Amino acid sequence: MRHLMICGAVVAGIAAAPSARAADPVTIQLKWVTQAQFAGYYVAKDKGFYKEANLDVTIKPGGPDIAPEQVLAAGGADVVVDWMPAALAAREKGVKLVNVSQTFQRSGLMLTCLKSSGVKTPADFPGHTLGVWYFGNEYPFLAWMAKLNIPTDGGAKGVSVVKQGFNVDPLLQKQASCISTMTYNEYWQVIDAGFKPDDLIVFKYEDEGVSTLEDGLYANGDKLKDAAYADKLARFVAASDRGWAWAVKNPDAAAAIVLENDASGAQTEKHQKRMMGEIAKLVDVAKPLGYLNPADYERTVSVLLSSQSSPVITKKPEGAWTQAVYDASKKYWDPASGK
């Protein structure tokens, strides 16, 4: 009966719950600090989309010492934003992560190299030092090197890997020929540091055939067996997708909302507006918002299994994603119709 009451009352496209019912608490752990990479969630909260879905949402920023997979495993969040390689690697180690919605449809991961280093193609990588993020972000890189048959332990025939902090210092200080960057963030930090695009060469993981799925929403698979929990997540996905649709349509306003929520004060208006414009290309509202394309999932798994000597995962995962929450979210908001 309660389900019928929720579905029967619609406010601005989201099912509104009876006022007598307390809002359901939801905590989301972000993969990184407050920035436009997560604009849809901040917009959904700011515009009252979560409230209309009868949710009381707490958004927890991430950071260099925060692993979303471990936060979920410890019960510190109901849902986390994570990259699929890290999620699947953690799942193989016993963490019950399940993808319930795929926010980013494209990869923004790149290696950005100085042209002056002599790197012109991936065949030039051997003998060079490359900056790589860790904490689960190294998996796409390791899979790419495995595909190229390039060792990552140094030497003339291999590459030396420097564990890159979440900055661009190794490139600026000439400690590495190439560093990890995102299309929406670190690449522009390099530009802002005084380099021109002509000084650089970028290798997009998508162009190299080793792209893996990035920002998606993951929940505890055991808890998903509870109908009330699954319904709460369906409402969360619906309201979040609505926030993303609004953010893509209003990028500058979305960036402003992000800045209002940046307690650190470290972000700038220029960078967040630019980031939001790049993020919109990855969310791609022309495709179904939040939909995990099975072919994209299979491609990601294939990339992670590609190394015979040191695969990121050792076998194809089972039960690592579900379309049930996404399908149920359409009862509350349909991105195709906006209702």
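A helix here is a DSSP run of H or I that is at least four residues long, and helices are numbered from the N terminus. With that in mind, the legends below describe views of a predicted model.

Figure 1. Buried residues make up 53% of the 339 residues. If we consider the contacts with a separation of 6 or more, 78% of them are between residues 24 or more positions apart. The chain exposes about 14400 Å², of which carbon and sulfur atoms supply 52%. As for charge, there are 36 positive and 37 negative side chains, and the centres of these two sets lie 2 Å apart.

Figure 2. Pro140 lies in α6, the helix formed by residues 139-148. Its relative accessibility is 0%, and because buried means under 20%, Pro140 counts as buried. When neighbours within four places in sequence are left aside, Pro140 is in contact with Pro85, Leu109, Tyr205 and Thr212. The view also takes in Leu213, which is 73 residues from Pro140 in sequence, although the two C-alpha atoms are 9.7 Å apart in space.

Figure 3. Most residues other than glycine have a negative phi. Asn149, although it is not a glycine, has a positive phi of about 60°, and Asn54, which is likewise a residue other than glycine, has a positive phi near 60°. Asn149 is placed in the loop between α6 and β9 (160-163), while Asn54 lies in the loop between α3 (49-52) and β4 (55-60). Asn149 is exposed, with a relative accessible area of 67%, whereas Asn54 counts as buried at 8% relative accessibility.

**Figure 4. Helix α2 and the glycine that comes just after it.** Six of the eight residues of α2 are buried, so this helix is largely enclosed by the rest of the structure. The buried residues are Ala39, Gly40, Tyr41, Tyr42, Val43 and Ala44. Just after α2 comes Gly48, which takes a positive phi of about 80°.

**Figure 5. The buried face of helix α10 and the helices against it.** In α10, which covers residues 251-260, the buried residues are Ala254, Ala255, Ile257 and Val258. Seen down the helix axis, the buried residues of α10 fall within an arc of 155°, so they line one face of the helix.

Figure 6. Leu233 has its place in α9, and at 1% relative accessibility it counts as buried. Once its neighbours within four places in sequence are left aside, Leu233 is in contact with Asp78, Val79, Ala219, Leu224 and Val325.

**Figure 7. Gln323 in the loop between helices α12 and α13.** The loop that holds Gln323 runs between α12 (294-304) and α13 (324-329). Gln323 has a relative accessible area of 18%, and because the cut-off for a buried residue is under 20%, Gln323 is buried. Residues up to four places away in sequence are not counted here, and with that condition Gln323 touches Tyr291 and Leu292. The view includes Asn293 as well, which is 30 residues from Gln323 along the chain, with a separation of 9.6 Å between the two C-alpha atoms.

Notes: Residues numbered from 1 in each chain as written. Predicted model: local features only at pLDDT ≥ 70, side-chain atom pairs only at ≥ 80, totals over all residues. Heavy atoms only, no water. Buried < 20%, exposed > 50% of the residue type's maximum accessible area, 1.4 Å probe, protein only. Helix = DSSP H or I, 4+ residues; strand = E, 2+ residues; numbered from the N terminus. Arc of directions from axis to C-beta. Contact = heavy atoms within 4.5 Å. Areas by Shrake-Rupley, 256 points an atom, 1.4 Å probe, with all protein chains shown as cover. Lys, Arg positive; Asp, Glu negative; His and termini not counted. Charge placed at Lys NZ, Arg CZ, Asp CG, Glu CD.
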